[in-house]
Amino acid sequence: MTVSELKSSFQSAYGKEAEAVYFSPGRVNLIGEHTDYNGGAVFPCALSFGTYLLLAKNDKKAINFKSLNQPEVISLGFDQLTTRLEKSWANYPLGVFAQFIKRGVKIEQGYDILIWGNVPNGAGLSSSAALEVVTAYALNDQLGTGFDRTVLAQIGQKSEHEFALVNCGIMDQFASANGKKDHAIHLNCDTLEFELVPVKLKGVKILISNTHSPHKLDSGAYNERVAQCKTAVEQLNKVRPLKYLAELTEEEFKKIESAITDPIAHKRARHVVGEVQRTSDAVKALKAGNLETFGKLMNASHASLRDDYEVTGPELDAMAEEAWKIDGVIGSRMTGGGFGGCTVSLVKDEAVDTFIKQVGEAYEKRIGIKPEFYVAEIGDGATRLA
Ligand code: GLA
């Protein structure tokens with residue numbers, strides 16, 4: 001939908017003109033998976049698709065949430081903005097209002113809000129972070145609260161913890177807030193220092209393959225991984241003080257790994273320590289223009305997420321395996337939380353059509369679901385469009 005079509009939808013929904021239009025993108029993570037809440041690095045890019053938010057002030061002392069993607073309309077008074085709803089899509093924007101209030105901001109102005117997004121839901125491309133960050137960006141702009149982009153990302157993350165009940169790391173919201181066209185973000189998730197690294201892929205495309213797998217990242221399995229990493233840290237603390245798994249190099253880990261007596265926690269920790277190293281190596285390889293090495297690290301990341309972290313599943317594995325068979329595929333791996341969703345692949349221009357045809361057919365034959373493919377365009381972070 002174009003901005004002018006969205007404005008007409010706002011007019012039909014609320015019978016008046018939208019006063020402002022905001023946008024915040026989804027993201028694809030190139031490498032560095034399940035490292036963010038372990039104090040490690042990630043390497044995502046913002047996408048050109050994302051979530052739009054239109055609003056106008058109202059004099060009803062209410063915040064009205066409508067989404068063109070959802071049937072349900074939610075109208076809340078000012079005293080209802082800090083309470084999670086039992087089950088509603090509106091928890092994502094509502095959680096952001098709650099975080100502003102927690103930071104001492106007074107909401108004394110009503111707003112009519114209309115939301116529309118084109119990030120496929122549950123595909124591991126951060127449709128929820130895009131919605132949280134666009135809401136935070138819009139409120140910050142409307143209320144003149146002056147929070148910087150990193151704080152807006154933290155507001156989104158907290159909202160996800162408290163209103164969506166997923167104990168996520170900072171990656172998705174950070175990428176949505178701080179993305180830059182044609183750049184990937186090398187983010188240290190402990191210090192939140194980051195570097196924008198140009199992604200100049202001559203003759204190569206970033207291809208996203210959507211498994212359309214029915215099992216989405218469910219908060220239970222995700223929160224379980226977060227807890228298992230915590231167990232690993234606690235057990236390692238018997239032999240070495242440490243806050244995050246990402247503090248350990250692979251060599252250091254080998255020396256003390258036997259302190260992790262829980263075998264599951266041990267596997268999870270091994271993934272994290274290896275993935276942190278792979279991410280650092282991959283960023284160096286990209287900067288040196290060495291895509292072959294970058295691709296190999298992507299493949300190794302997938303294998304580790306499959307064997308040690310156990311977040312891939314048959315659909316993501318089938319998609320990656322079929323991609324690895326195609327000439328011209330430099331690397332391919334699952335991206336995002338896992339358990340369904342998407343893979344990300346680096347594919348030579350001349351192999352893109354073959355990839356879509358052959359991987360598409362083979363995946364459908366193996367899994368019985370028709371996949372979808374998008375050539376990723378790396379876009380900018382949250383912004384006001386009108
Ligand atoms: C989800 C979370 C992120 C991150 C990824 C895995 O997308 O929201 O914080 O943990 O999974 O890398």
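Which charged end sits over the ring of Y309? That's R268, 6.0 Å from the ring's centre. By "over a ring" I mean that NZ of Lys or CZ of Arg is within 6 Å of the ring centre and within 35 degrees of the ring normal. K66 does this too, lying over the face of Y14 at 4.7 Å from the ring centre.

Quick housekeeping: this is a predicted model, where local features need pLDDT of at least 70, side-chain atom pairs count only at pLDDT 80 or more, and totals for chains, interfaces and linings use all residues. Residues are numbered from 1 along each chain as its sequence is written, and side-chain values use heavy atoms, with hydrogens and water left out.

Okay, aromatics. There are 11 aromatic pairs here, meaning Phe, Tyr or Trp rings (for Trp, the six-membered one) with centres within 6.5 Å; planes under 30 degrees apart are stacked, over 60 edge-to-face, the rest tilted. One of them is F43 with F294, tilted, with 6.3 Å between centres and 50° between planes. F43 is in the loop between β2 (41-42) and β3 (44-58), and F294 is in helix α9 (residues 291-307), so the pair ties together parts 251 residues apart in sequence. Helices and strands here are DSSP runs, numbered from the N terminus (H or I, at least four residues; E, at least two). Elsewhere, F23, Y52 and W116 make one aromatic cluster.

Last, helix α3. Of its 17 residues, 13 are buried, so α3 is largely enclosed by the rest of the structure.

Conventions. Buried means under 20% relative accessible area, exposed over 50%, partly exposed in between (1.4 Å probe, protein chains only).
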